Amino acid sequence: MEEPIISVKNLSKQYQAEQQGGITDISFNIKKGNVIAILGESGSGKSTLLKCIYGLLKADTGEVQFNGKRILGPDEQLIPGHKEMKMVTQDFSLNIYAKVYDNIASMLSNTNVQAKQEKTTEMMQHLHIAQLKDKKITQLSGGEQQRVAIAKAMVSNTAVLLLDEPFSQVDALLKNQLRADIKRIAAETGVTVVMVSHDPADGLFLADELLILKDGKLLQQGKPADVYQHPNHIYTAQLLGNAVVLGHEEAEKLGLEVKNGHAVFYPEWVELKSSWNSRRFEVKDIYYKGFYEELLLERNSVKIRAIQLNRGEHKKHDHIQANISRFITFVS
Ligand SMILES: Nc1ncnc2c1ncn2[C@@H]1O[C@H](COP(=O)(O)OP(=O)(O)OP(=O)(O)O)[C@@H](O)[C@H]1O
C-alpha cells in the first residue's frame, strides 16, 4: 500500500489560557495528490489543525508526519513551517508594495528567466488574474488578492498546499470557477491540497475526501458522496445538507419509528406526489431558492422541509402528500 504523504497521529492541542478550544486526539492519513477538505462550524478547530500540519503550532500530544518524518514544531526550527508545503492564510501574506506579477514570480529562482516568466504568466492565467499583472496589491479587491495569494503558493512546485478558507472573499460567480480551477491544477500538477472551509459546497465539489470536525474532534472522514449519504452524526447531516432533525416524539407523529433517537433526513428525500397514498401535510411557507423552492410543511404540529422543483406547483396553505422516502436514525 502506498505510504500517505501526511499522517496525523493522535494530535491534541489545547490553548493554555482557555483550557478549551483547540483539537483533541485527531488521527487520519492523506494520500499524495488528493484534495482534502476539512469542514466544520466556526471554532471547530480547523485552523488549529492546519497550523499543526504546517508546523506553525506545537501540538500538546501526538504528531504529524510528512512522508514518514515528523514535522518539526515552531520551537524546533528558525523559520516555522515546512519547506515542502505552502500555506495560504486568511491574511494572504502578500508584499503589498509589489506588483501582482512580482509577488508571484518572487517564488521562482532566476536561473532560467524565460521559464520563470512563462510559469508566472501561466499561473496568472489559471487563476484569471493576468489582466492585473501590473497592479499593486493595495489596488486589488479582497477576492483578487486571494487569487494572487493562491497563485503565489501554487507557482513553485510545492508538494502540499494548505488553504485556509480560500474562497472567503471571492464572489459566488467566481467561486465555482476557482473551485474548478484548483481541482484541475491539482490534478495536473499532482499537488496535495488540504483546504479548510466552513462552506460545505467547497468540500462537496472539490474534495476527494472530507474531514468533518466538531468541537475539536474528528467525526467522520470519507468521500464526499459517502459522507453526505451516510453521515455518522446529526451535525454532519446538518452541516452538509441542512438536514431536518426530528426528536422521537415528532418522528412518531409522522409514523417514523426511531425509538429513543432522532430521525434525520435531507429535504430532497421527501417526495411530493399528490397521487400517493401517504400522509397529508399543509404547506406553511415557501422559500424561493432560485431553480427550486423549499417548502415548509406541517402535519400534527411537526414541521419538515421538502424540495419543490416545479415552481408554484404547490402553494401556501395547500394540503399535499409527502412521503419521507428515507431517513437515518441516530440513537441518543
Ligand atoms: N490563540 C488562541 N488562544 C486561545 N484560544 C484559541 C486560539 N486560537 C483558537 N482558539 C480557540 O480554539 C478553537 C478552535 O479555533 P480555530 O481557529 O482552530 O477554529 P476554526 O474552525 O478554524 O474557526 P473559524 O472557522 O472561525 O476560523 C476556538 O474555540 C477558538 O476560540
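Predicted model: local features only at pLDDT ≥ 70, side-chain atom pairs only at ≥ 80, totals over all residues.
Figure 1. The protein contains 9 helices and 18 strands, and its C-alpha atoms fill a box of roughly 75 × 45 × 40 Å along the principal axes. Of the 332 residues in the protein, 37% are buried. When contacts between residues at least 6 apart in sequence are considered, 63% of them join residues at least 24 apart.

**Figure 2. Close-up of the shell around the ligand.** The ligand is surrounded by 14 residues, the closest of which are Tyr15, Gly21, Ser42, Ser47 and Thr48. Two or more residues of this shell are given by each of strand E2 (20-30) and helix H1 (46-54), and H1 makes the largest contribution, with 3 residues. Sorted by class, the shell around the ligand comprises 10 polar, 2 nonpolar and 2 charged residues.

**Figure 3. Close-up of the largest nonpolar core and of Val194 within it.** The largest nonpolar core has 90 residues, and those that touch the most other members are Ile36, Ile38, Ile53, Ala151, Leu162, Val193 and Val194. Helix H4 (residues 142-155) supplies the largest share of this core, 7 residues, while at least three residues are drawn from each of domain 1 (6-234) and domain 2 (242-330). Leaving aside residues up to four places away in sequence, Val194 touches Ile30, Ile36, Ile38, Leu50, Ile53, Val160 and Leu162.

**Figure 4. Close-up of strand E6 and its pairing with strand E7.** Strand E6 (residues 85-88) is covered on both faces, with Met85 and Met87 buried on one side and Lys86 and Val88 buried on the other. In a regular strand, side chains alternate between the two faces of the sheet. E6 pairs with strand E7 (residues 160-164) in the parallel sense, over 4 bridges, and within E7 the bridge partner of Met87 is Leu162. Leu162 is also one of the residues that touch the most other members of the largest nonpolar core, and Val194 is in contact with Leu162 as well.

**Figure 5. Close-up of Met124 and its surroundings.** Met124 belongs to helix H3 (residues 113-126), and it counts as buried because 22 C-beta neighbours fall inside 10 Å, where 20 or more are required. Apart from residues up to four places away in sequence, Met124 touches Ile104, Ile129, Ala130, Lys133 and Ala151; of these, Ala151 is among the residues that touch the most other members of the largest nonpolar core. From Met124 to Lys289, the separation is 165 residues in sequence and 34 Å in space, taken from C-alpha to C-alpha.

Figure 6. In helix H8 (residues 234-241), the buried residues are Tyr235, Thr236, Ala237, Leu239 and Leu240. An α-helix has 3.6 residues a turn, so residues three or four places apart point the same way. The cover over the buried residues of H8 includes strands E3 (35-39), E9 (209-214), E10 (217-222) and E12 (262-265), together with helices H6 (200-206) and H7 (224-229).

Conventions: Residues numbered from 1 in each chain as written. Near = placed C-beta within 6 Å. Nonpolar A, V, L, I, M, F, W, Y, C, P; charged D, E, K, R; others polar. Buried ≥ 20, exposed ≤ 12 C-beta atoms within 10 Å, placed from the backbone. Contact = placed C-beta atoms within 7 Å. Core = buried A, V, L, I, M, F, W, Y, C linked by C-beta atoms within 7 Å. Domains from an automatic or database assignment. Pairing = 2+ DSSP bridges.
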